[in-house]
Structure formats: structure tokens, C-alpha cells
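Subject: Handover of a structure

Hello,

I am passing this structure on to you. Please look at it first, then read the notes below it.

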Amino acid sequence: MNETLPALSPNYASQRAHVFTEATEVHGKWPVEFQFRPARGDHRNLLVVFSSVGSKYGFGNALDSVQCNILRIRDHFDSGASYYVARNMDFTVTESIQALIESFMERLGVSREQVTLLGASKGGSAALYYGVKYGYKNIVASTPQYFLGSYSHGHGQLGDAVLGEGQSAENVAIMDSVMKDLLAKETDFDRNVYLVSSPGDYQYEQEVEHYLPALRAYGNFNFLFVDSPTVRRHEEVVRQGLPSILSIVYALTEGAAPRWGEVRTGPAAPEDEEAAAAHLAELRETDTALAVLTRAEVADGRLRLSGHGFIPGLPRQGEVKEEKRLVLERRGRTWTYPLTTTREIRLYREYFDEYFCEYGQGGFRTPDDLTLESLPRGTYEVSVCLTSPEEKIERRTRLIAQRAIDTRQAVGDSEVLVRGSRNGVKITKRRILSPESEGVRFSLKNSWKRDRRVHAEGVFFLPGRNADKKNHALYYLVLRGRRGCFSFPLEVRKNAKVVRPHVGPGDIGSYHSGYFSTPDDAGVDVSAVPAGRYRMHISMSTGGALFTKKAGSLFLGRSR
């Protein structure tokens, strides 16, 4: 029975999604790019975030647990950075940024006392600059630069963008005086200022230390000195100090201003060198080894793996050379391949175990010429063998992946898959052609051969397994003839209109990306394929299975 119903209204729950939305607004001369996320519940303060060099928006996912309104401003003006202060020495950038902040304050109904400015490195300088210049009470600045001109000069694209073409000495001097002159004119010392630095950061003495005389004049000045052996680089200060930084942000954005004073965070005392040496030597003697796959790629018929692999701990005589081998094991047989040791600069943080250990040579990668051409087809368990000849230690451990890895590629008449998880890594080499597959939906919509290029496109999906994203499967064009079997990657294409008629009655799956084609519909180059007659097939690799359908035949003449 039909009855008259009102039109659909927007769903209130959908309108209140607490996610970052990206937009651009023009305030004054400059368009300002930003992200905004509304508060969760009754947390009405505003957190304004400035980004560091090399990051689009500051602090990434680290702010997910912050409950208040968050405005993240991008430092991107006329395709370049400005330090949030000057673009090509045009200081009107600050007026546009401040106008954006004020517009959000008006929309949200918050005062300057309810705004917290946060930034690290370049963003830390910006937080201090806007806090002092425009009278904001809450400022959290990690590792800010003091001499903006000298730091910008010669610093990649930042130099020309801020200082102008040629980066003149005069402009460097003007920018170097920005923070000094601003702080010298300060008259309102009723602010909550939180400065974060570390003795492990070379910029403490070069930049941050110059702020201290002026900032100590504020009524609630707090200096967090992050002291940890895992802070050895500028960007690591925020990572190590993040719990403290977030605790400050949580409090400020709830209306409470912590008074910590000048404190040192980290271990209560420096590491005991003797205790560290004993612990690391004991760890070295323990029957354990580490092997973690971080990247896998199969390209041009070559297997490229890289990751972390080392024997934990450190012998008392100091760092020693380790040799590494990749081991593939199947049905009691093993195949071994040498691995190249690579330098890693941050493993001391990732694999910290009570005491600092560098693990500077703890990386590995496969040699550039590693192919699996001679490897029999099958599925192999992967491990890494680590040897320290000087210590007479040889250990082997299962290779794992801390995040899921699934990479696959056609190599001639085979497909090679590398699949990894915390439970282990497996490498599979299987035929690129399966028996003619039943139960799939397949329809070749177009194919052609022009000179030495071949094109094919059409519908191909497995009912019951969604094909709604471009990474739902890989497709291959396979040519099989007397002269061999040759495969070429195809492109996944969204083509809902063509796919829809192939969906069976009652099937509620989503298959709009179940369509293949050659890249850009330009065909694949088959000039390396010997002349002759070939059967054409399309193979679809998805999940643990591979499906193949016939797609006609063609004749390739000799190349001219």
C-alpha cells in the first residue's frame, strides 16, 4: 500500500562526522589551505596546529585522541612555504593566516584564552610567533627555530620560497631578527608557554637556547628537556616527547594550564655503561634473532625485498660484522640467496631493549640481480639466516612482517606472490594460467592488434567477492604459443555501467571495478615476443586464487 511520505531529510548523524575536512579560504591577499575537525562532545576549545618542514599538516594521527576543535593550517602559499611569516619576503601572509584563525574563533564562539597554538620545528616557531604577535595565551612549541633566515637559507625549496630568489644576505638578516624583535617588544607576560627541546638535538644550542632568556619572563613558562639516548636527531624530539606534549594539549584545551617549570623528562640518570654492556652481551648470547620484512616488490622479473635483520644485543668487544642470507624452504628442501647489509639510522628506537643499541648495520635487501627463474613452482616458507663469523654465531629465524604485505607480479609463464604478516612471510611461484575457470563472470568487450601492440579489455569478476576497489585484484594479459608463454600487467578500471548486466539476480555484491584494460587503453608492447601464433588469455589474481579465461588468438609477425 502506497502512502504520501515527506521527502528525505539529511541524516543528522552523517552531518556530525568527527573527521578532518580539507578546504581553502581566502582572507585578505592569500588563499589559506587548512583542515578542520569539529569537537567531540562538550569540548569547545580550539587547537591551532602549524606544520613542520616536509609535512602537509602537523602531527598527523597523533591528535586523534584530542577532543576539542582542531584547525590545522598548511604552509603553502603560491606553491611555496612561508614559515607562516613571509612568502618571498611578503609578510602579509601572517594577516591572512590570522584572519582565518579569527574567523574560526567567531564561528565557534571561543576567546583567545580558549585557543591553544601547537607546532613542532617550523611549526613551533609559528606557534610562538602568532601567540606573541596576536595575543594568544596558550603556546606549545617543540624544537622551534630562532634564526628563521639562516635556517631557511639553502634549505631546499624553503630558501627561495621564504627569502626570495637569490636568498640575499639582507633578507636572511631581516628574517633572522623576526623572533628576536617580536619578543623584545613583548608587554603581556601573562601567558602559558611550553617549550620542548632535547640535548640530543643539535638545534638546541643552534636555535632553541636563544629563546630561553626572553621566554623565562613569562608568568607560566615551562621548559621540557627531553633527555633520552633514543633522541639523536631533530625530528625525534617530538616522537620521544609526544606523551608529555599531548598531556599539555589535553589540559590546555580543557581550560587547565599545567605549571611544570623547567623539567627534564626521561631516565632519572644516564645509562650505566657497565650495566648496559652486560645486558646487551647477555642478550647477544640468547638464542634469538630478528628478521622483519618492511618492503616487497616483484618487478622486471626480479625479487626485491628489504627490511631489518640482525642478531640482537652487542658483544663486549663492540659492533661486529654480520652476514645475512635469505632462505626459502619447501618440503624439506631449501634454497638460499645472499642478502646485502644496509645501513639503518633509527633501529635503536624501534628495537630499544632497556639500554641503547645502535644497530646501524641492521638492514638488509636482496641483490639487484636476484631472480626466481630457476626456482620450482610452489609455496615457500621464508626465513633469514644471520651469521657472526667473529663470534662463531649462526642463527636462523622466521621472516615476519609487522604490517600486512601482499605483492604479486607476473614473470613470464608464472606469477610470483609475496605475502607477509606477523605470523610469517610466504613466497609463492605458480603458473600464470589456471585451468579454464568456472563460476566467474567474464566478457571480452574489445581487443585489437596494431603493429607490435596488443589491447584487451572487458569484464572479469568472481561473484561473492567484492570488486569495488582498484586493488581488489590484479589482471594479466597472457600470450601462449609454441615459442613460450608471455604475460603483461593490465589495469583495473571502474566501469559500473558495463559490469552491472553481468551481476546475477539476487547478488548484492559490489563489482563496479571488475573491469580490466591495458594501461590508458594504449595496448601493451609485445615487440619482445617471438613471431608466431598465440592463444590470448586473461588471468585474474585475487586473494589466494588465480582465474583464467580464454580471449581469442592472434598472430604476431616478425619485427621490422
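Val416 is buried, since its relative accessible area is 5% (buried means under 20%, exposed over 50% and partly exposed in between, with a 1.4 Å probe and protein chains only). Before going on, note that this is a predicted model, in which local features need pLDDT of at least 70 and side-chain atom pairs count only at pLDDT 80 or more, while totals for chains, interfaces and linings use all residues. Residues are numbered from 1 along each chain as its sequence is written, and side-chain values use heavy atoms, with hydrogens and water left out.

Val416 sits in strand E18, residues 414-421 (helices, H or I with at least four residues, and strands, E with at least two, are DSSP runs numbered from the N terminus). Leaving aside residues up to four places away in sequence, Val416 touches Val298, Leu372, Thr407, Arg408, Gln409, Val411, Ile427, Thr428 and Lys429 (contact means heavy atoms within 4.5 Å). Gly301 is 115 residues away from Val416 along the chain, and their C-alpha atoms are separated by 9.1 Å.

The chain as a whole

The protein chain has 13 helices and 28 strands. Its C-alpha atoms fill a box of roughly 85 × 80 × 60 Å along the principal axes. Of its 560 residues, 51% count as buried. Among contacts between residues at least 6 apart in sequence, 67% join residues at least 24 apart. The chain exposes about 27,600 Å², and carbon and sulfur atoms supply 47% of that area (Shrake-Rupley method with a 1.4 Å probe; for residues, only the protein chains shown count as cover).

The nine-strand sheet

An open sheet of nine strands runs in the order E1-E2-E4-E3-E5-E6-E7-E8-E9, with mixed pairing (two strands pair if DSSP finds at least two bridges between them). Strand E1 (21-27) and strand E9 (262-265) each have a single partner strand, so one side of each is left without a neighbour in the sheet. Neighbouring strands here are turned by 20 degrees against each other on average, direction ignored (axes are lines fitted to C-alpha atoms, for helices over the stretch in contact, and angles run from 0 to 180 degrees between N-to-C directions).

E1 pairs with strand E2 (residues 30-37) in the antiparallel sense over seven bridges; Glu22 has Gln35 in E2 as its bridge partner. Helix H2 (residues 93-108) packs on this sheet, touching E1, E2, E3, E4 and E5, and its direction makes about 35 degrees with that of E2. Helix H10 (residues 236-252) lies across E3, E5, E6, E7, E8 and E9, running at about 175 degrees to E6.

The four-strand sheet

Four strands form another open sheet, in the order E23-E22-E27-E28, with antiparallel pairing. Strand E23 (484-489) and strand E28 (545-556) are the edge strands, each pairing on one side only.

Strand E22 (residues 474-481) pairs with strand E27 (residues 532-542) over eight bridges, in the antiparallel sense. E22 also pairs with E23, again antiparallel, over six bridges, and a hairpin of two residues joins E22 to E23. Leu479 has Met536 in E27 as its bridge partner and stands opposite Phe486 in E23. Gly481 stands opposite Tyr534 in E27.

Regards
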